[in-house]
Amino acid sequence: MEKLFEIAARLDEMQTNLSKLSWVQYTSGYDFGIEKAYKEINDFLEDKNNYELVSEYMKRDLDPVNRRRVEIFYNTIRSYHLSDELNELNEKIQKKTNELSMILNTFRFKLDGKEVSSVELTQILSNEDNRELRKKAYFARNQINQPLVEGGFIDLINMRKEYATLYGDKDFVEYSLKQNELSPTIFNNWENELKPYIDKLNSKRQEYARKFLNGDEMMPWDEDYIMAKIAPIQNRTVDMSNYYETLRKFFLNFGLDLDNFNITYDIFSRKNKSEWGYNFPIKDGVDSRILANVKNKYHEYKVLLHETGHGIHSFLLKPEEILLNQGVSGIIAEGIANLFGGFLYDEMFYRNFFDKSVELQLKELAEYNKLNYLRFIGSIFFDHELYRNEINSLQDIENLYFKVFEDLFGDKPFDDAPPFAYRIHYTTHPIYMHNYFMGDVTCEMIRKVFCKKYGVNSVTEKPKEFGDFLINKVIDPSGLYKYEELFARISGEGFSLKWYLE
């Protein structure tokens, strides 16, 4: 296996370099050679000698761990040796994706002719009593739709469709799921599983609309506002200058000391910096970096908890296990991050700022958020439908968006264009958003399995034991098994939305 480990280490060096360049682009807007870095990786993966070496290992009789290592590398390199046409198309896709990510990261919205950040728009949506102003702020987000399409977003979609067809898959959705070692049929029953809960969701939204809006309908520009009404404490101003010590104190409850990890934080907004939140696992176990945008509101700690969960996860992976780390499912990664993000509503975290008088409002908000999060499935399915329908114009995209949300939730189309392109995943990480929701399903499963095993009602009753459970049962074996197999090993059952819904 020594030769395989050597080429895996060389590839890891190139990918580390690409991650560093991506960090610079996302935090400053400068591109110091991302396309060149992609080219270097592509050339390495297209090298026939490397492919022949991995193929030769695939024929060997190996123990299960080494078999898994080889399988992961083979799955990574195989597509580069099917045809020159595929390789050329892959490079075009990477180039276009990078061009569009530059547009997204440097674009700034305007409200009443004044430039505003995404954080400022969120604050308006959360705090503004005037519903028309909230609506205006919501639709300000659609300003990026046209520039992205003009930059080639539809071309990118069509190139990805073409790539999947040339590869031999039914569509780009099937291709992506297979590449991530998921069953192409994993979403087939979601709509049926959801149906019994849609009436409950819509009824709860109507109840809150009557309570806080004096009407019967909650619109997207009302959602953050109503959450702020349910739990006003989430919009309380807090001093975030001491964010690191707050996070460190919290994670120590689980036996996890941030001081032992080389995690870099960049959390305040500035020009040309991406307005989303990310973790860049530059090199597992060595270097992890977190990008966020905060303005001293309590709810903004959720993204810091989430991304720090990512950072800790990357440091709990063994840096020498380059190949197994490549096999860790994005669902597991997002599940662990979401798990820690959810502690925003738990006393273990909020006691850093508030007393127990806030308990009931945060509990109510957490319960409503869990139910309302079902609407995120609309964004997941919209992502899928972009690759299953003919797209020739921005109008086609908007019509498809409305159709997905109408079919799932009974929504009526807006008078204005739906904001969609501001969500960067459609451009840079297609067929990825399911990782967040499936991560939450996984998170619920992990909580329930732990509580049953230890005879507790909450993981906070035995946080250090839960930290050990997370490491030993989830993180350590996460590269050894495909996601659905790992899920079944932990839960004793196959993947199902019931872990989240029941």
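The structure discussed here is a predicted model.

## Cysteines

A disulfide is a covalent bond between the sulfur atoms of two cysteines. A search of the whole structure finds zero disulfides. Cys-443 is accordingly in no disulfide, and the nearest cysteine sulfur, that of Cys-451, lies 11 Å away.

## Salt bridges

The structure holds 36 salt bridges. One of them joins the side chains of Lys-178 and Glu-174, with a distance of 3.4 Å from N to O. Both residues lie in helix 10 (residues 172-179), where they are four residues apart, about one turn of the helix. Lys-178 is partly exposed, with a relative accessible area of 40%, whereas Glu-174 counts as buried at 17% relative accessibility.

A further salt bridge is formed by Arg-270 and Asp-266, whose closest N and O atoms are 2.6 Å apart. Arg-270 is partly exposed, with a relative accessible area of 38%, while Asp-266 counts as buried at 13% relative accessibility.

## A link between distant parts of the chain

Asp-476 forms a salt bridge with Lys-318, and the closest N and O atoms are 3.8 Å apart. This pair links distant parts of the chain, the two residues being 158 residues apart. Asp-476 lies in the loop between helix 23 (463-475) and helix 24 (483-491), and Lys-318 lies in the loop between helix 14 (301-316) and helix 15 (322-326). Asp-476 counts as partly exposed at 35% relative accessibility, and Lys-318 is partly exposed with a relative accessible area of 41%.

Salt bridges also connect residues in a network, which links Arg-68, Glu-71, Glu-181 and Lys-482.

## A negative patch on the surface

Which residues gather in a patch of negative charge on the surface? They are Asp-84, Glu-85, Glu-88 and Glu-162. Helix 5 (residues 84-106) gives the most to this patch, with three residues. Glu-162 is found in helix 9 (residues 153-167) and is partly exposed, with a relative accessible area of 40%.

Methods
Residues are numbered from 1 along each chain as its sequence is written. This is a predicted model: local features need pLDDT of at least 70, side-chain atom pairs count only at pLDDT 80 or more; totals for chains, interfaces and linings use all residues. Side-chain values use heavy atoms; hydrogens and water are left out. Patches are made of residues with over 30% relative accessible area and no salt bridge: like charges are joined within 9 Å, nonpolar side chains (Val, Leu, Ile, Met, Phe, Trp, Tyr) within 5 Å. Accessible areas come from the Shrake-Rupley method with a 1.4 Å probe; for residues, only the protein chains shown count as cover. A salt bridge is a side-chain nitrogen of Lys or Arg within 4 Å of a carboxyl oxygen of Asp or Glu. Lys and Arg count as positive and Asp and Glu as negative; His and the chain ends are not counted. The place of a charge is taken as NZ of Lys, CZ of Arg, CG of Asp or CD of Glu. Buried means under 20% relative accessible area, exposed over 50%, partly exposed in between (1.4 Å probe, protein chains only). A disulfide is a pair of cysteine sulfur atoms within 2.5 Å.
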